[in-house]
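Biologist: I'd like to go through this model with you, one question at a time. Could you take me from the ring pairs to the core and the helix packing?

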Amino acid sequence: MGYRRAEEILPVELIELIQQYVDGTNLYIPRKQGNRQEWGAKTSARFELQHRNDSIYKDYQSGMAVYELAERYYLSEKSIQRIIRQKKTMECGLA
């Protein structure tokens with residue numbers, strides 16, 4: 001998230017009004033409800049994690065142990081177990 005200077009965007013009257021509440025403080029203004037985007041919508045992170053998790057599950061099904069998967073994918077064993085559990089749930093149609 002980049003910062004923009006209020007003087008470049010807002011009218012002076014509005015800046016003065018805001019300064020009555022927060023003077024010289026960084027302020028986060030959330031998006032309108034209808035303009036919100038899901039996590040990973042601007043990047044390929046969501047797709048990359050899904051692909052990684054699919055690979056983990058495939059390796060698990062081919063016989064790799066949880067500790068081996070943790071070492072291979074640089075994750076904790078708990079994270080590997082969670083991914084496997086999620087994939088099994090989805091496979092069974094329970095998700």
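Biologist: How many aromatic pairs does a search of the whole structure find?

Modeller: Quick note: this is a predicted model, so local features need pLDDT of at least 70 and side-chain atom pairs count only at pLDDT 80 or more, while totals for chains, interfaces and linings use all residues. Residues are numbered from 1 along each chain as its sequence is written, and side-chain values use heavy atoms, with hydrogens and water left out. Rings of Phe, Tyr and Trp (its six-membered ring) pair if their centres lie within 6.5 Å. Searching the whole structure on that basis, the count of aromatic pairs is one.

Biologist: Are the rings of Y57 and Y60 stacked or edge-to-face?

Modeller: Planes under 30 degrees apart count as stacked, over 60 as edge-to-face and the rest as tilted. The ring centres of Y57 and Y60 are 6.3 Å apart and the planes sit at 20 degrees, so the pair is stacked.

Biologist: Is Y57 buried or exposed?

Modeller: Buried means under 20% relative accessible area, exposed over 50%, and partly exposed in between (1.4 Å probe, protein chains only). Y60 has 28%, so Y60 is partly exposed. Y57 has a relative accessible area of 8%, so Y57 is buried.

Biologist: Are α4 and α5 roughly parallel or roughly perpendicular?

Modeller: Axes are lines fitted to C-alpha atoms, for helices over the stretch in contact, and angles run from 0 to 180 degrees between N-to-C directions. Under 35 degrees counts as roughly parallel, over 145 as roughly antiparallel, 65 to 115 as roughly perpendicular and the rest as oblique. The axes of α4 and α5 come within 8 Å and cross at roughly 105 degrees. That's why the two helices are roughly perpendicular.

Biologist: Which residues does D59 touch, not counting those up to four places away in sequence?

Modeller: D59 lies in helix α3, and at 15% relative accessibility D59 is buried. Contact means heavy atoms within 4.5 Å. By that rule, D59 touches M64, L69, R72 and Y73.

How values were computed
Helix = DSSP H or I, 4+ residues; strand = E, 2+ residues; numbered from the N terminus.
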